[in-house]
Amino acid sequence: MDLTLFDLDHTLLAGDSDYLWGRFLVNEGVVDSAHYARENERFHDQYKAGNLDIHAYQRFALAPLLENSLETMHALRRDYVERIISPIVARHARALIDHHRARGDAIAIITATNRFITEPIAELLDIDALIATEPEIVDGAYTGEIAGTPSFQDGKIARAIDWVAEQPQPFQQVTFYSDSLNDLPLLRWADTAIAVDPDETLAAAAREAGWPIISLRGETRPF
């Protein structure tokens, strides 16, 4: 059996679920609008530049879970996935997932975005296996910190290796689809790397390495 790993934001989605969640919370009046919007933009710019402090960012991103009831946050999340995420699933994302499923591949999403945000998105895409940054929970409550290794940059390799080791069968080949320079470590680790609607840095690296470059957003199916 082969394994296919998908990045989520700007790969299967035509947008960033982390960043858009922050904007959603601002628009819904859940957080201090001016401060939160400014910090959301600042962290997003750091991510795009490849120099994000993932621990500092997750403290920021997880803070609303400490400041509001889980009932409130779950209701907001349901609304967010329906109104914001469903419309930005990339045009050919589901067909690509189905293509690999039909080949008999094991399929997983691997994302730096935390599990609170991404778990219902994985369900929306009918993908059971999710490797995400894990929020720390102590005595049933979020602490605002990360549990274990964040699924980010080199940490994605460590998390992928740990996940593979837990599976009941070995994998012959690993394919990874991503858009981001932050995923260059895992792309280089995978047997097959495919750049999807890549940022400029990844596009240049893909051309140099001879990796396929595809878009899941255009009129023509790229596979």
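Colleague: Let's start with T11: is it buried or exposed in this model?
Modeller: Keep in mind that this is a predicted model. T11 has a place in helix α1. Its relative accessible area comes to 0%, and the cut-off for calling a residue buried is under 20%. So T11 is buried.

Colleague: Which side chain does T11 join through a polar contact of 3.2 Å?
Modeller: Leaving out residues up to four places away in sequence, T11 touches A90, Y177, S178, D179, V196 and L216. From that list, the side chain joined to T11 by the 3.2 Å polar contact is that of D179.

Colleague: What distance goes with the polar contact between the side chains of D7 and T11?
Modeller: D7 sits in the loop between β1 and α1, while T11 is in α1 itself. Their side chains make a polar contact at 2.9 Å.

Colleague: How far apart in space are T11 and Q172?
Modeller: In sequence, 161 residues separate T11 and Q172. Going C-alpha to C-alpha, the distance in space is 24 Å.

Colleague: On to the helices: what is the handedness of the crossing of α3 and α4?
Modeller: The axes of α3 (residues 33-49) and α4 (residues 54-67) come within 11 Å, crossing at roughly 145°. Y36, E39, N40 and F43 of α3 meet A56, Y57, F60, A61 and P64 of α4. Those contact residues split into seven nonpolar, one polar and one charged. As for the handedness, the crossing is left-handed.

Colleague: What covers the buried residues of α5?
Modeller: Helix α5 takes in residues 70-85, and its buried residues are M73, L76, R77, Y80, V81 and I85. Residues three or four places apart on an α-helix point the same way, because there are 3.6 residues a turn. The cover over the buried residues includes α2 (17-27), α4 and α7 (115-124).

Colleague: Which residues touch the most other members of the largest nonpolar core?
Modeller: That core has 51 residues. One of them, I121, is in contact with L8, L13, S17, V81 and I85, leaving aside neighbours within four places in sequence. Another core, of 24 residues, lies apart from it, with A106, I110, I131 and L186 among them. In the largest core, the residues touching the most other members are L12, W21, L25, Y80, I109, I121 and L125.

How values were computed:
Residues are numbered from 1 along each chain as its sequence is written. This is a predicted model: local features need pLDDT of at least 70, side-chain atom pairs count only at pLDDT 80 or more; totals for chains, interfaces and linings use all residues. Side-chain values use heavy atoms; hydrogens and water are left out. A nonpolar core is a set of buried Ala, Val, Leu, Ile, Met, Phe, Trp, Tyr and Cys residues joined through side-chain atoms within 4.5 Å. Buried means under 20% relative accessible area, exposed over 50%, partly exposed in between (1.4 Å probe, protein chains only). Contact means heavy atoms within 4.5 Å. Helices (H or I, at least four residues) and strands (E, at least two) are DSSP runs, numbered from the N terminus. A polar contact is a pair of N or O atoms within 3.5 Å; within protein, one must be able to donate a hydrogen and the other to accept it, and residues adjacent in sequence count only if both atoms are side-chain atoms. Axes are lines fitted to C-alpha atoms, for helices over the stretch in contact, and angles run from 0 to 180 degrees between N-to-C directions. A crossing is left-handed if the near helix is turned anticlockwise from the far one by less than a right angle, and right-handed if clockwise. Ala, Val, Leu, Ile, Met, Phe, Trp, Tyr, Cys and Pro count as nonpolar, Asp, Glu, Lys and Arg as charged, and the others, Gly among them, as polar.
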